[in-house]
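The following paragraphs are intended to be read beside the model. Please keep the sequence and the structure in view while reading.

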Amino acid sequence: MMNRFLFIFFIIVFFMFVFSVPAFASEQSVTFSKKDQQKMINVAHRGASGHAPENTMAAFQKAVEMKADYFEIDVQMTKDGELVIIHDTTVNRTTNGTGAVGDLTFEEIRSLDAGSWFDEKYAGEKIPTFEEVLDAFRGKIGILVELKSPELYPGIEEKIATVLKERNMDRPNNKKIIIQSFNHDSVQQSKTLLPNLPHGVLAGPSWRNVTDEQLKEFATYADYFNPNMNIVTTELVNRVHATGMLIMPYTSRSQKQADRLFHLGVDGIVTDYPEHVYKHPVK
Ligand code: G3P
Ligand code: CA
């Protein structure tokens, strides 16, 4: 009698186990299965700039650690022709120095502290060069390269192309480098120099009423239309996709903003906080 009781008990436990695994799996699938997930391209803006001083090696390293797909950088040029990574056209806000990037030599730029303004623990961070960033991070993460105010730096497109070519980083299907700018002439010029690399057109709020004709024209040389997040609507996303381009708006700084962009159907999100942009459930 006891043996029969034990046998029935084990049968019940066995079936409970067998049926509980798929039940668990199907519960997980509601929010985590690949089928129900959309991969969002996660771009750490100026590196993981919510956590470390923007456009420094510390911010780029943080983006790698946070498993972003890309980090974004702003490239400008010193008085003596060195390609450096800094957002503003002066060093005033993000270093302990003053002056325009284009009026300072590389030696002067290099002597500045680009970390203390953010937090004392980053004292001694330097303004990196484009070459240093490529050499330190190629193969580890994608790099979204913004030509920042290229009209101030004649020849910067050629310099960038040369540096990438020296490293064989201009090859077809190199999905790990994307070049973009608000200066669309500069994007076109860069596309001519680096035809195998994807390029992006940046669009500020004044492009809110961008027409289909303008989008089609961008698509003749660009692979991405990357607008200010405040002008993004589902309709815009659909119109961009209709041209064959992808759309990666900037710059999300909260979970709410990232979630909104996700639900509008964008392909990637440029954010100061990569932790806001992992996988999202399908709407
Ligand atoms: O990636 C786009 C974004 O970086 C453009 O804005 O001003 O941060 O360079 P900004
Ligand atoms: Ca930028």
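Helix 5 and helix 6 cross in a right-handed sense, where right-handed means that the near helix is turned clockwise from the far one by less than a right angle. Helices here are DSSP runs of H or I with at least four residues, strands are runs of E with at least two, and both are numbered from the N terminus. This is a predicted model, in which local features need pLDDT of at least 70, side-chain atom pairs count only at pLDDT 80 or more, and totals for chains, interfaces and linings use all residues. Residues are numbered from 1 along each chain as its sequence is written, chains are lettered from A and ligands numbered from 1 in the order in which they are written, and side-chain values use heavy atoms, with hydrogens and water left out.

The two helices span residues 156-166 and 184-193, and they pack at an angle of about 35° with axes 9 Å apart. Axes are lines fitted to C-alpha atoms, for helices over the stretch in contact, and angles run from 0 to 180 degrees between N-to-C directions. From helix 5, Glu 157, Glu 158, Ala 161 and Lys 165 meet Ser 186, Gln 189, Ser 190 and Leu 193 of helix 6, contact being heavy atoms within 4.5 Å.

The loop between strand 5 (142-147) and helix 5 holds Pro 150 and also Ser 149. Ser 149 has a positive phi near 45° although it is a residue other than glycine. Pro 150 is buried at 5% relative accessible area, buried meaning under 20%, exposed over 50% and partly exposed in between, with a 1.4 Å probe and protein chains only. Beyond its neighbours within four places in sequence, Pro 150 contacts Ile 156, Glu 157, Ser 181, Asn 183 and Ser 186.

Attention now turns to the metal site. Glu 72 (OE), Asp 74 (OD) and Glu 146 (OE) coordinate the calcium ion (ligand 2) at 2.0 to 2.3 Å. Donors are N, O and S atoms within 2.8 Å of the metal (3.2 Å for Na, K and Ca), and sites may look incomplete because water is not among the atoms. Glu 72 is buried at 2% relative accessible area, and Asp 74 is buried at 0%.

Most residues other than glycine have a negative phi, and most peptide bonds are trans. Asn 55, in the loop between strand 2 (41-44) and helix 2 (57-65), has a positive phi of about 55°. The peptide bond from Tyr 250 to Thr 251 is cis, with omega near -20°.
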